[in-house]
Amino acid sequence: MSFTLAIVGRPNVGKSTLFNRLVGKRLALVDDQPGVTRDLREGDARLGDLRFTVIDTAGLEDATDDTLQGRMRRLTERAVDMADVCLMLIDARTGVTPVDETVADILRKRGRHVILAANKAEGRAADAGIIEAYGLGLGEPIRLSAEHGEGLNDLYGQLLPLS
Ligand code: GDP
Ligand code: MG
């Protein structure tokens, strides 16, 4: 059985970098679709022997007629509702921000299974942010580096029981 994973988090934490790594070139063709469909990119992900659908909450930054927080909240809620499991990313180098707390609140209220990952975790600059991530109350964070492909084995370990 397959499942759908939504990658959520505030702008710039590395969601699209991870999405691209999981999907490679197997991106669903959504170019001609308007609005929220375009803002939620969907792709066929591969991680080891796992095959699943992954959703990237893209388009958070194009705040045109809307505030960033409002747009982020709506897009995140939509992505979460489409998913069986959510992967919340924070930026381990920045640590936990108030916007991260907002995302965590949305996830808690939606009652979805959540995996927490502290991205950009390559090197020692990430250590403080990883410790802060425990404070979100979403469990033990995975140490991830989407850019360098580190921590994907731990992500695999958390996704395996869902497959
Ligand atoms: P999004 O806005 O959450 O989709 O974030 P992006 O995937 O666009 O990444 C934002 C920035 O963080 C880009 O400059 C990425 O190259 C960078 N980035 C993503 N993952 C990593 C990582 O694992 N380590 C580091 N150092 N930078 C990363
Ligand atoms: Mg993005």
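**Close-up views of a predicted model**

Threonine 97 counts as buried because its relative accessibility is 16%, where buried means under 20% relative accessible area (1.4 Å probe, protein chains only). This is a predicted model in which local features need pLDDT of at least 70 and side-chain atom pairs count only at pLDDT 80 or more, while totals for chains, interfaces and linings use all residues. Residues are numbered from 1 along each chain as its sequence is written, chains are lettered from A and ligands numbered from 1 in the order in which they are written, and side-chain values use heavy atoms, with hydrogens and water left out.

**View 1. Threonine 97 in the loop between strand E4 (85–91) and helix H4 (98–110).** Helices (H or I, at least four residues) and strands (E, at least two) are DSSP runs, numbered from the N terminus. The side chain of threonine 97 meets that of arginine 10 in a polar contact of 3.4 Å; such a contact is a pair of N or O atoms within 3.5 Å, and within protein, one must be able to donate a hydrogen and the other to accept it, with residues adjacent in sequence counting only if both atoms are side-chain atoms.

**View 2. Surroundings of methionine 88.** Leaving aside neighbours within four places in sequence, methionine 88 is in contact (heavy atoms within 4.5 Å) with residues including Val8, Asp100, Leu107, Ile115 and Leu138.

Conventions
Buried < 20%, exposed > 50% of the residue type's maximum accessible area, 1.4 Å probe, protein only.
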